Amino acid sequence: MKAAVIQQYGQVGDVVTVAEAPKPTVGPRDVLIEARAAGVNPVDHLIVKGYLRAGELTQPVVIGNETAGVVAAVGAEVTGFAVGDEVFARVDPRVGGAFAEYVAVDQSLVAAKPGTLSFVEAASLPLVGLTAWQALTEQADVGPGTRVLIHGGAGGVGSVAVQLAKHLGAEVVATASADSAALVRDLGADQVIDYRAERFEQVLSDVDVDVVFDTVGGPAQDASFQVLKPGGTLVSILPIADADDKKAKWNVDVRTFMMRPHGEQLAKLGRLAASGELRPLVETTFPLAETVEALQKVERGGARGKTVITIPA
Ligand SMILES: NC(=O)c1ccc[n+]([C@@H]2O[C@H](COP(=O)([O-])OP(=O)(O)OC[C@H]3O[C@@H](n4cnc5c(N)ncnc54)[C@H](OP(=O)(O)O)[C@@H]3O)[C@@H](O)[C@H]2O)c1
């Protein structure tokens, strides 16, 4: 099969190639997916550069973290899926393998693809959707009336978080560049702050924010403590320096976490997408042969939703 592989860590343009690779073996609990599309995330270029390495590479590794396609085979213990089903998944991060014609995924990580979504739309959702869902419902307790500030409202995670926070009943303020403001409002944000023109901590100086969901880190994360009400919660998907000190100083809950794959939660996101409450935001697509260009697009930043790789049937 064709797949995007690395044999060593390095810059995307130097080490990523699209080549022949062995079709994955199908374990007893695995669903073998004939992939039609694969979402691209910042974590993919970080993996290529070796930032998340557990050890050195000893053989070519297929990269990629989320997939949508058609079930081509199932392991002997698989009960919930059958050949021909349309599915999507955030793959096991220890395995990767999504930028390929075939992907083997444990059945507990797979969900039925909503019929209303294309494969490209479905492939854009698992990683960012699960990240936003886990941030808002597990790390924080966002519900009716919660005032949430979401940093990076036009990005992959932020664009889903805005919609999910609205679905949960929250009042949503988001930061984004001026040229993304209309888009983020359209996703449901009640207020959008152009972070290049204004300082959100000044705009919100008279407002109590219950929860900040930080998808950008750095100065935005630091300034977020100024707008949180005492007892509020900062949830970040980026590292937080001196978290315990900040927690004590500002009297807030401070949380950072790594998202985890989860088939049942993904099924719930699929139902929200099917009912129109969650709209995948796809900015660009690239064919599998142009995986390098897809990764470089994500690496440059300035995302307005997701970049997705298409894989011909
Ligand atoms: N811990 C986890 O489990 C986890 C999970 C998923 C992602 N992540 C990490 O979370 C980060 C975001 O991921 P993503 O997929 O959403 O990335 P993305 O699609 O590249 O989106 C980032 C967004 O942030 C905007 N932005 C940049 N600086 C900003 C600022 N100061 N204020 C407000 N917005 C700003 C960018 O737009 P402009 O440049 O136009 O402003 C872009 O729209 C990445 O670092 C990723 O590695 C962590």
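How many residues surround the ligand, and which are the closest?

Modeller: The model is predicted: local features need pLDDT of at least 70, side-chain atom pairs count only at pLDDT 80 or more, and totals for chains, interfaces and linings use all residues. Numbering starts from 1 along each chain as its sequence is written.

The ligand is surrounded by 26 residues (C-beta atom, placed from the backbone, within 6 Å). Gly152, Gly155, Gly156, Ile237 and Ala303 are the closest. By class, 14 of the shell residues are nonpolar and 12 polar, with no charged residues. Here Ala, Val, Leu, Ile, Met, Phe, Trp, Tyr, Cys and Pro count as nonpolar, Asp, Glu, Lys and Arg as charged, and the others, Gly among them, as polar.

Domain 1 (2-125 + 280-310) and domain 2 (128-256) each give at least three residues; the bounds come from an automatic or database assignment. Four elements, α2 (42-48), α4 (126-139), α5 (156-167) and β10 (171-176), supply at least two shell residues each. Helices (H or I, at least four residues) and strands (E, at least two) are DSSP runs, numbered from the N terminus. The largest share, three residues, comes from α5.

Next, the helices. α4 and α5 pack with their axes 8 Å apart, at an angle of about 50 degrees. Axes are lines fitted to C-alpha atoms, for helices over the stretch in contact, and angles run from 0 to 180 degrees between N-to-C directions. α4 crosses α5 in a right-handed sense (the near helix is turned clockwise from the far one by less than a right angle).

Now β10. This strand belongs to an open sheet of six strands, ordered β11-β10-β9-β12-β13-β14, with parallel pairing (DSSP finds at least two bridges between paired strands). β11 (191-194) and β14 (253-256) are at the edges with a single partner strand each, so one side of each has no neighbour in the sheet. From one strand to the next, the twist averages 15 degrees. Within this sheet, five bridges join β12 (residues 209-214) to β13 (residues 228-236), and these two run parallel. Valine 212 has leucine 234 of β13 as its bridge partner.
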